[in-house]
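These are my notebook entries on a structure that I looked up. I set down what I checked in each chain and then where the chains meet.

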Amino acid sequence: MIRLLASIQLNDTDKKALIILLILMVIALLFLGLLGMAIRAVMTHQAKRADNMMHDVTKSHVIDNPRAFRAFGRKKNNRAFYRDSLIPFAIAVFATLIWVIYNIATTKWTDNIFENCKDLFFDYDWVGTADDPVFVKVFGFSLLARWPDVTHYPEFNIEHLASYIIVFFYVASWLYYAYVCQAYLARAFMIYRRSTEVFHKSLEGYVANEPVDIKPENPTPPED
Amino acid sequence: MMKGLKNFGLGILWALLSPILLLGIVLAGVFGLLNFLVQFVIMVINFFKGKKLFPMYKEDEIAYKRIQQAMGITPEENNPNNPPAPVPSQPAPQQVFVQQNYYTQPGVNPAQPGNPYPQPNAPYPQQGAPYPQPGMQNPYVQQPGYPQPMMPQQPYQGPLPNPYDPYNQGQPTVNASVPPMVQIPQAPTQSNQGDVAIFEEEGDK
C-alpha cells in the first residue's frame with residue numbers, strides 16, 4: 001500500500017489541486033463542527049425549560065418515580081409546545097388572510113405565489129446542452145462538470161408584491177415552527193434523561209452481608 | 001483546549017446526525033398539528049366552563065402548597081387564584097355637613113332692647129382690638145339682663161337638606177315628613193344642570 005502510494009507521480013498542477021482540495025475539506029469540516037456546536041448549544045438552551053417545568057414537583061416529592069416523571073413531563077411539554085406554536089400559527093393565519101383578501105380584490109386565485117417569488121432569486125440551467133452537459137457520469141456517479149449558466153437574474157416585479165409579502169410571512173412561520181419543534185424535541189430528551197438521573201439509586205460500594213455499625217443511643221424521653 | 005476540541009468533535013457528530021434530527025423535527029411538526037387541535041379543544045372547553053384557559057395541574061397545585069407550607073406561608077394568604085382585596089390608594093372621601101341656622105321669630109326685631117335673642121349679625125372683634133368693645137355683644141356668652149338664649153323656640157318647619165343628594169342641598173322638592181336618610185336621589189334641577197354638563201365634559205377629556 002505504501003509502495004503504491006509512493007509510486008504515484010504528481011505534477012505541479014496535481015499538487016496544487018490536492019492542496020486546494022485539502023483546504024476545502026478542512027473548511028468543510030470546520031463549518032460542520034461549528035454548525036453542530038451551534039445546534040447543540042441551541043438545544044441545550046431550549047432543554048433548560050424542561051428543568052424549570054419539572055423542578056417544583058420533583059423537589060417537593062409530589063412525583064417520586066421515573067414513570068410518573070415522564071408522564072407528567074409529557075403533559076407539560078405538550079402544553080408548552082401548544083403555547084409556543086401559537087405564534088407561528090398566528091403568523092400563518094395572518095398570511096392566509098392577506099392571500100384571501102388579495103385574491104378577492106384581484107381575482108387571481110390561480111396564481112402561484114411561490115412561483116412569483118422566483119423573481120427575487122437567481123435561476124440556473126442545470127441541464128445544459130448535449131455537447132456541453134452540466135453533469136457528467138464518472139464511474140456511475142453524476143459529478144458537476146462545470147458551473148451552470150444563469151438563466152434568470154433577480155428582479156423586483158411590483159405586480160408580485162403581495163406574493164412576496166405572503167411568502168415572507170409563510171416562510172417566517174415555518175422557520176419559527178421548526179424552531180419550536182426543535183425545542184419540543186430538546187425538552188423531551190431532557191425529560192427522559194432527568195427521569196433516569198433524578199431517581200437514580202446506586203448500590204456502588206454497598207455490601208449487604210457487612211455487619212451494620214449502629215451506635216446505640218439513649219431513647220428520647222417522652223414529652224410531658 | 002481539550003474541552004474546546006471535545007466540543008468541536010461533538011459538534012461534528014451532531015452535524016453528521018443532523019439529518020436524523022431533521023427527521024425528528026418533521027415528525028414533531030406533524031405531531032404538533034394534532035397536539036394543537038387537542039389543546040385548542042381543551043382550551044375552548046375550559047373557557048366555556050369559566051375556568052382558566054390553562055389551569056394548574058393537580059401535581060403542580062400539591063407542589064405549590066407543599067412549598068408554601070415549607071416556607072411557613074398559609075396557602076390562603078398567597079393563593080394566586082384567590083388574590084387579596086385591592087387596597088385603595090387613598091381613603092374614601094367623607095362628606096361633612098355643617099349647618100348653621102338662625103331662628104328668627106316673626107314680629108320680633110332683634111335690634112330692639114329687651115330682645116331675648118342675640119343679634120346674629122353683631123360685629124365680631126377685629127384682629128388686635130380689645131374685647132369686649134362698646135356696642136358689641138358676644139352672641140355665645142350670656143349677657144347680664146338677658147334671659148337664657150335657648151328659650152322657647154319653634155322647631156324648624158322648612159325642608160331638610162338631604163345629605164345623600166348632591167343636587168338637592170336644601171331645596172324643598174321632597175316631602176319633609178319623609179326621613180332624609182331614605183330619600184331617593186333626585187334628578188338634577190334646572191339650577192345645577194350646568195354643573196352636570198361641566199362634569200360630563202371633563203369626563204370626556
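**Entry 1: the model and chain A**

I noted at the start that this is a predicted model. I then turned to the secondary structure of chain A and found 5 helices and 4 strands. Following the sequence, I wrote down the order of these elements as α-α-α-α-β-β-β-β-α. Chain A has 224 residues, and 18% of them are buried. I also looked at contacts in chain A with a separation of 6 or more, and 76% of these join residues 24 or more positions apart.

**Entry 2: the nonpolar cores**

Which residues have the most contacts inside the largest nonpolar core? I listed A:M54, A:V57, A:V180, A:C181, A:Y184 and A:L185, in a core of 22 residues. At least two residues of this core come from each of α2, α3 and α5 of chain A. The most, 10 residues, is given by α5(A). I recorded a second, separate core as well; it has 5 residues, including A:I91, A:A95, A:W99 and A:Y170.

I then took A:M54 by itself. Leaving aside residues up to four places away in sequence, I found that A:M54 touches A:F69, A:G73, A:I191 and A:R194.

**Entry 3: chain B**

In chain B I found 4 helices and 0 strands, and the pattern along the sequence is α-α-α-α. Of its 205 residues, 5% count as buried. Among the contacts in chain B with a separation of 6 or more, I noted that 16% are between residues 24 or more positions apart.

Helix α2 of chain B runs over residues 18-48, and its 31 residues at 1.5 Å a residue should span 45 Å; the end C-alpha atoms are 43 Å apart, which agrees. Helix α3 of chain B, residues 58-71, has 14 residues and should span 20 Å at 1.5 Å a residue; its end C-alpha atoms are 20 Å apart, which agrees.

I also looked at what comes after each of these helices. After α2(B) comes B:G50, with a positive phi near 85°. After α3(B) comes B:G72, with a positive phi near 80°.

**Entry 4: the cover on α2(B)**

How many of the 31 residues of α2(B) are buried? I counted 3, and α2(B) is hardly covered. The buried residues are B:A28, B:G32 and B:Q39. What covers them includes α3 and α5 of chain A.

**Entry 5: where the chains meet**

I then recorded the contact between the chains, which takes 28 residues from chain A and 25 residues from chain B. On the side of chain A that touches chain B, the elements giving two or more residues are α2, α3 and α5 of chain A. The largest share of that side is the 11 residues from α2(A). By class, I noted 18 nonpolar, 6 polar and 4 charged residues on that side of chain A.

**Entry 6: α2(A) with α1(B)**

Helix α2 of chain A (residues 12-59) packs with helix α1 of chain B (residues 2-16) at an angle of about 90°, and their axes are 6 Å apart. That angle makes α2(A) roughly perpendicular to α1(B). Among the residues making this contact I noted A:L29, A:L32 and A:G33 of α2(A), and B:N7, B:F8 and B:W14 of α1(B). The residues of this contact divide into 12 nonpolar, 4 polar and 1 charged.

**Entry 7: α5(A) with α2(B)**

The contact is made by A:Y177, A:A178, A:C181, A:Q182, A:Y184 and A:L185 of α5(A), with B:G24, B:I25, B:A28, B:G29 and B:G32 of α2(B). By class I recorded 7 nonpolar, 4 polar and no charged residues there. I noted again that A:C181, A:Y184 and A:L185 are among those with the most contacts inside the largest nonpolar core, and that B:A28 and B:G32 are among the buried residues of α2(B).

Conventions
Residues numbered from 1 in each chain as written. Chains lettered and ligands numbered in written order. Predicted model: local features only at pLDDT ≥ 70, side-chain atom pairs only at ≥ 80, totals over all residues. Axes fitted to C-alpha atoms, helices over the stretch in contact; angles between N-to-C directions. Parallel < 35°, antiparallel > 145°, perpendicular 65-115°, else oblique. Contact = placed C-beta atoms within 7 Å. Nonpolar A, V, L, I, M, F, W, Y, C, P; charged D, E, K, R; others polar. Buried ≥ 20, exposed ≤ 12 C-beta atoms within 10 Å, placed from the backbone. Core = buried A, V, L, I, M, F, W, Y, C linked by C-beta atoms within 7 Å. Expected span 1.5 Å × (residues − 1).
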